[in-house]
Amino acid sequence: MPTLNDADLILGAAIVVELLILGKHISMKPFNIFIALIFVVIVSGFIFFKDNLISGPNSSSQNSQQLLADRINYLDYSSSNQALSQKKGKTVLFFAATTWCSNCIALEKEIKNRLSEIPKDVIILKVDYDNDKKTKTKYAVTMQTTLVLLDSNGREIKRWIGTDFDDLLNNLN
């Protein structure tokens, strides 16, 4: 069975575009133009996403997690985010936060607004203080806005109650 390659798909899209251009000169009905445009969008989507379709969802989500860990230094806590960060040699900062704590909300907003100031070798993992009892117990977190700094091997370096971004930066240095 023959398979389509990128050149075949691009050629097909070019033919449809040419038909659209010619269609305007030979009074093509608006509905037919709409259908042809939808076809071009679908073909373009297949070209753009074909690597994800071929490799499958698991490798795609793992690659996405790796890209996130490389580019973003503030993520929700998960054991896989922690493991991936430590594997990359990053220092992990747990931020125990809640959705109802005004100090947590203010600090999180400041973290998001000033992400570029966080050292590239540090990743902040936001731990759900109300629901993640396992992590909270493991690191003896007894209060929201607790920040726990871990080295790349998962050992605690220091901890503090944080309500200010500048204080956070000072504790990272």
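**Cavity and aromatic cluster: worked exercises**

By class, 6 nonpolar, 2 polar and 1 charged residues line the largest cavity. Ala, Val, Leu, Ile, Met, Phe, Trp, Tyr, Cys and Pro count as nonpolar, Asp, Glu, Lys and Arg as charged, the others as polar. The model is predicted: local features need pLDDT of at least 70, side-chain atom pairs 80 or more, while totals for chains, interfaces and linings use all residues. Numbering starts from 1 along each chain, and side-chain values use heavy atoms, without hydrogens or water.

**Exercise 1.** Name the residues and elements that line the largest cavity.

*Step 1.* The structure holds 1 cavity of 30 Å³ or more (on a 1 Å grid, points where a 1.4 Å probe fits but cannot get out; lining residues have an atom within 4 Å of a point).

*Step 2.* Lining this cavity are Phe94, Ala96, Val127, Thr135, Lys136, Tyr139, Val141, Thr146 and Val148.

*Step 3.* Strand S2 (91–97), helix H6 (133–138) and strand S4 (146–150) each give two or more residues (DSSP runs: helices at least four residues, strands at least two).

**Exercise 2.** Find the aromatic pairs and classify each.

*Step 1.* A search of the whole structure finds 2 (ring centres within 6.5 Å; planes under 30 degrees apart are stacked, over 60 edge-to-face, the rest tilted).

*Step 2.* Tyr77 and Phe94 have ring centres 5.3 Å apart and planes at 65°, so this pair is edge-to-face.

*Step 3.* Phe94 and Tyr139 are tilted, at 4.8 Å and 45°. Phe94 lies in S2 and Tyr139 in the loop between H6 and S4, so the pair ties together parts 45 residues apart in sequence.

*Step 4.* Tyr77, Phe94 and Tyr139 form one aromatic cluster.

How values were computed: 1 Å grid on protein atoms, 1.4 Å probe; cavity = no way out; pocket = protein on both sides within 12 Å on 5 of 7 lines; lining within 4 Å. Points joined across faces, edges and corners; volume = space filled by probe spheres on them. Phe/Tyr/Trp six-rings, centres within 6.5 Å; stacked < 30°, edge-to-face > 60°.
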